[in-house]
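User: I am new to this structure and would like to learn how to read its features, one at a time. Could you take me through them slowly?

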Amino acid sequence: MTKVMYTSSQKSSEKHTTLFLIMMRLNLKYVLSSLILMVTCVTLMLWHRCDFVRTFPKRFYASQYQQITEAVEIDCVINQEYSIGCRREGDEVYLPFSFIKKYFEVYGSLNTIDGITHFDWNHSYGKVNLPRTIYDPKGIFMYFENYNVEVRDRVKCISASAGVPISIQWESQGYFYATQIAQFGLSHYSKNLTEPEPTRKIIEDADSNQFQWITLRNSSISRNYSADVTGVVNFATTNQFDSAIYADMDHVVDLIFSVDLYFQLNASLIITMQNRETLQLYNLHYILADLSITVQDSNIYHGIGINALQKWKRITRDLFVDVQKGVAASYVSRKQKMRRNELKVVRIAFLGNGAFDNLTLSTSEHIQHFYDAADWFLRHQNQSTGGFSIPVRRRLASGFEDLQKGWLSAMAQGHAISLLSRAFYHSGGNRKYLKAAVNALKPFRIPSSQGGVLAKFMNILPWYEEYPTTPASFVLNGFIYSLLGLYDLHQVAPKTSKGAKEAGILFNQGMESLKKMISFYDTGSGTVYDLRHVTLGSSPNIARWDYHVTHVNQLLLLATIDDDPIFSQTAERWRGYMLGKRAMHN
């Protein structure tokens, strides 16, 4: 065995190395102990000085919180009148939102975004539309490009004979309501300025676009020329449905149908639509009859008017709306809802004897709808009074005398003037529209007690009545809409014309009244719809949020044409009410 020998220098080196390792271990223990002591001290300081644990978000210590504050079901007594079930957690009491929503008229819903559920609370459901620019009487009307009048529940259908809405707001049989018709026209005029150019597909024009129509036994089709139009398609069938000439297709998206028709007494147009999901078929019949809409099983009938017999008539139909209104009118399927993209055109057929031309499917035909409305006002204006009468009785509220059939509305007159002024401009100056607009000023000069729309607040300030009641009601939104009509005519009519000057005088008088009276409509937390609490001495008629936001939008628009700060300041205060702000108390 070999014996290893260590020198004295080697022994000394080993001794120093061992001593160094021992000191390093002691230093590390000291450092770690010091760090632990410091963290403990800081934690204790935060505990005592900042109440750290109790103010830290609940979600980070849920288990401990539940042990400390267990939820307990209790009764909440409301105004010493009734009680509801509530929940207590510690010093907090939680009420069901279903109760809060109804009691305080607030709104909320649970929503999930990116997998995280949260609760959205809204004090109102209205939406303020900030003006894009200074109001232009030749351009978009307020924010009406967002209106879809034809799909409203209170619209029975769009008349196939007149091309305008038939209202059921105050009478179930249906009637023509000037205010609604003007809104229909103004919305399509505004959409035409804001939406892309429509896409159109010409199905048949008897010229460069000819479709392969299917003819059955005892039916025929031919193309020729007439004195009134260029190429036309003539058809002749028996009265039996199975003899109709037809064209099968599979057409989606473009559901605005237009065609020029020349019908003999027995003629009709049938368009078959299909729900792409349920495969349900709907047959839309356009017939020579004076009816609005009637339904028999899956057959929906629209009358184009007996006066269309042996005359060329152009109809423009939104096939989705026609199906939708037919489904609503069927009662059995009234609650059935559908989307536009669910429907497609599967067949177009003609029955009887007649002719047609320019059969087209498109994404929109806004200008045609606009002129349908404008021309309706030309045909239905009373030349003596200048008015567009409302053909139904109206009771505004208890205490007011009923408005009898034939009453006039400043809102209807104002809307009509706004529409006719734009028709005058868009048509390149067709004076028939200007003449009707100027004639519509007459009721603004006649007291409501004498069949006009003029009332005076405190027998001093002129006011144009949406509802010319006795006593006066002073509805705010209808009055401002009438002012916009007056302003539109004043700006669009030739500057030196009598109509422009008269509209300007009426507008200025109304604006002065509005500036003096606007504060009467402020409740400190919202607005009132009218001033019945002044004229009847009743409780205020608080405006729903949709009417309140209309008041705000109207004032914001007026602020672009009148620099008086009362409009912008009042609008901003009223906007605050929509966020839960309130006027200060004493």
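Analyst: Let us begin with the polar contact, a pair of N or O atoms within 3.5 Å, where within protein one must be able to donate a hydrogen and the other to accept it, and residues adjacent in sequence count only if both atoms are side-chain atoms. Here the side chains of Y125 and D546 make such a contact, at 3.3 Å. This is a predicted model, in which local features need pLDDT of at least 70 and side-chain atom pairs count only at pLDDT 80 or more, while totals for chains, interfaces and linings use all residues. Residues are numbered from 1 along each chain as its sequence is written, and side-chain values use heavy atoms, with hydrogens and water left out.

User: Where does Y125 lie, and which residues does Y125 touch?

Analyst: Strands are DSSP runs of E with at least two residues, and helices are runs of H or I with at least four, both numbered from the N terminus. Y125 sits in the loop between strand 5 (116-122) and strand 6 (155-158). Contact means heavy atoms within 4.5 Å; leaving aside residues up to four places away in sequence, Y125 touches Y107, R544, W545 and D546. Y125 and R544 are 419 residues apart in sequence, yet their C-alpha atoms are 9.6 Å apart in space.

User: Is Y125 buried, partly exposed or exposed?

Analyst: Buried means under 20% relative accessible area and exposed over 50%, with partly exposed in between (1.4 Å probe, protein chains only). Y125 counts as partly exposed because its relative accessibility is 42%.
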